[in-house]
Amino acid sequence: MKSLIQFDQDGRLTHFLTIRGLNRETLSEILDDAESFISIGERQIRKVPLLRGRTLVNLFFEDSTRTRTTFEIAAKRLSADVINLNASRLSTNKGERILDTIRTLEAMHTDIFVIRDNASGTSHLLAEHMPPHVHIINAGDGRHEHPTQAMLDMFTIRRHKKDFGDLRVAIVGDILHSRVARSQIHALGILGTRDIRVIGPRTLLPTEIERLGVNTFSDLDEGLEGVDVIMMLRLQLERMEGQLIPSSQEYFRRYGLTTERVRRADPDVIVMHPGPINRGLEIASEVADGENSLILEQVTNGIAVRMSIMAKVMDGQNSSQEADK
Amino acid sequence: MNSTILPNPDELISAMGASLRSNLVDDPILIGIHTGGAWVAKRLHANLGLTTPLGSIDISFYRDDFSRIGLHPEVKMSEIPDDIEDRSVILVDDVLQTGRTIRAALNEIFSWGRPAVVQLAVLIERGARELPIQPDVVGVRLNLDPSQHIKLSGPEELKLTIMKKHL
């Protein structure tokens, strides 16, 4: 099993690569700790010394200002030193290049690598080649997973909705190419969500996705009926060139989230989006900026959740010791 | 088990309250350290009849042993109910031993602001200090063997027990 790589020999989480294979207890611990990390943002000094003297490298082979910035803020609030490397230009012969790059950085005593790459499995590959004291966090790998995004989404849902066992959640858009959707589906499943719906054009729904325990809809109006949470996905515009969707107008007409469509959901529905949003393509501005939208809160929550995940993978090298009073 | 008769925490807290009251500056902020210290602080707060709401802190993020033992399994929220700047703070814990918890608590308090004065009130003071930290108000001083672990249980009924430390 691939996902076993993220545990050390004592069964503790040492990398954060995928949601798949984690249990409810681990997810809940991360979410609970994130609640405490939220309060640090409210203090005069928004910093705790947990990772003082540690070094975190943001290694992004694919641009993402938002994700990289929240990782950077999260690490700085934990007092770690942060180095940002935008390595998107080093793309020839990549497998070898990435390993070389990361070994060089590891030789400089890096403790945590945050990796974003457009190839699925990059963070797994690196985790396999790292010594035990180095920790890898997946910040999105190809079409595979984006586990920290899913965790901040779960955190945001939990802050507004309490018990997953009562929830109907809709994930809307390009499910096929979305690492965010994949991580969300796993996380929602592990947390015991009552009804997970995926909604999108048939060309953008993976075959056999029902095996993940979700209900599929290609009609947005039907799928949104009575849901408590709507999670929109960002439509990658390059999909249009591949003829998977007809045109942006047509897409918005059938799958764009408008105020009228939000009315089909529960009156207290919350609307989320991982950003950056395409206004007028997958979501109408009035919804994105409307009272049900939590899109900006997601960004804030992302900092606390990433702090919690960093603390989790760095958590005690020797946990059997009792604390001194 | 130890044959020592352990004092009743509520009686100790009443005595601590009396001692604190005698030199109370106006309107201090009382802050208990999770978990035992917060229970003691709650009773002291009622005993002193303070108007500023009770505060509590979890020092997990400020411990000096994170790289050895990691985060406490359940990190609690820190709640400081009022602006701490230039205020008088009474920090409350159940047991003072090495002083490391208090060091961490002081660091945490200073991340909320700069208090005018911080006093330390502890239910139990025992030896084996590893840092230069002394309490201002003490419920009781106990001479315990290093192999003994003293524990306050609560929160409804506070009770002290002595256990053999698992080494």
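Of the 325 residues in chain A, 57% count as buried, where buried means under 20% relative accessible area, exposed over 50% and partly exposed in between (1.4 Å probe, protein chains only). Before going further, a word on what you're looking at: this is a predicted model, in which local features need pLDDT of at least 70 and side-chain atom pairs count only at pLDDT 80 or more, while totals for chains, interfaces and linings use all residues. Residues are numbered from 1 along each chain as its sequence is written, chains are lettered from A and ligands numbered from 1 in the order in which they are written, and side-chain values use heavy atoms, with hydrogens and water left out.

Let's stay with chain A for a moment. Its secondary structure comes to 12 helices and nine strands; helices (H or I, at least four residues) and strands (E, at least two) are DSSP runs, numbered from the N terminus. The C-alpha atoms of chain A fill a box of roughly 55 × 50 × 40 Å along the principal axes. Its radius of gyration is 20 Å, which agrees with the value near 20 Å for a compact globule of 325 residues. That radius is taken over C-alpha atoms, and the globule rule is 2.2 Å times the number of residues to the power 0.38. Look at contacts (heavy atoms within 4.5 Å), and among those in chain A between residues at least 6 apart in sequence, 74% join residues at least 24 apart.

Two spots in the backbone of chain A deserve a look. Gly275(A) and Pro276(A) are joined by a cis peptide bond, with omega at about -15°. Pro276(A) sits in the loop between strand S9 (270-272) and helix H11 (285-288) of chain A. The other spot is Lys162(A), whose phi is near 60°, a positive value in a residue other than glycine. You'll find Lys162(A) in the loop between helix H5 (147-161) and strand S5 (168-172) of chain A, and it counts as exposed because its relative accessibility is 60%.

Now for chain B. Here the secondary structure comes to four helices and seven strands, and along the sequence they follow the pattern α-β-α-β-α-β-α-β-β-β-β. The C-alpha trace of chain B spans about 45 × 40 × 30 Å along its principal axes. With 167 residues, a compact globule would have a radius of gyration near 15 Å, and chain B agrees at 15 Å. Of those 167 residues, 49% count as buried. Among contacts in chain B between residues at least 6 apart in sequence, 68% join residues at least 24 apart.

Asp27(B) is in the loop between helix H1 (9-22) and strand S1 (29-33) of chain B, and it counts as partly exposed because its relative accessibility is 35%. Setting aside neighbours within four places in sequence, Asp27(B) is in contact with Thr51(B), Thr52(B) and Arg87(B). The side chain of Asp27(B) makes a polar contact with the side chain of Thr51(B) at 3.0 Å, and another with the side chain of Thr52(B) at 2.6 Å. (A polar contact is a pair of N or O atoms within 3.5 Å; within protein, one must be able to donate a hydrogen and the other to accept it, and residues adjacent in sequence count only if both atoms are side-chain atoms.) As for Arg87(B), 60 residues separate it from Asp27(B) in sequence, yet the two are 8.3 Å apart in space, C-alpha to C-alpha.

A cis peptide bond joins His34(B) and Thr35(B), with omega at about -5°, and Thr35(B) is placed in the loop between S1 and helix H2 (36-48) of chain B. Ala128(B), in the loop between strand S4 (117-125) and strand S5 (137-141) of chain B, has a phi near 70°, a positive value in a residue other than glycine. With a relative accessible area of 51%, Ala128(B) is exposed.

Finally, how do the two chains meet? The contact takes 27 residues from chain A and 31 residues from chain B. The area buried between them is about 2500 Å², of which carbon and sulfur atoms give 52%; buried area is the accessible area (1.4 Å probe) that two parts lose on being put together, summed over both. Across this interface the rule finds one salt bridge, a term for a side-chain nitrogen of Lys or Arg within 4 Å of a carboxyl oxygen of Asp or Glu. Glu108(B) forms a salt bridge with Arg43(A), with the closest N and O atoms 2.9 Å apart.
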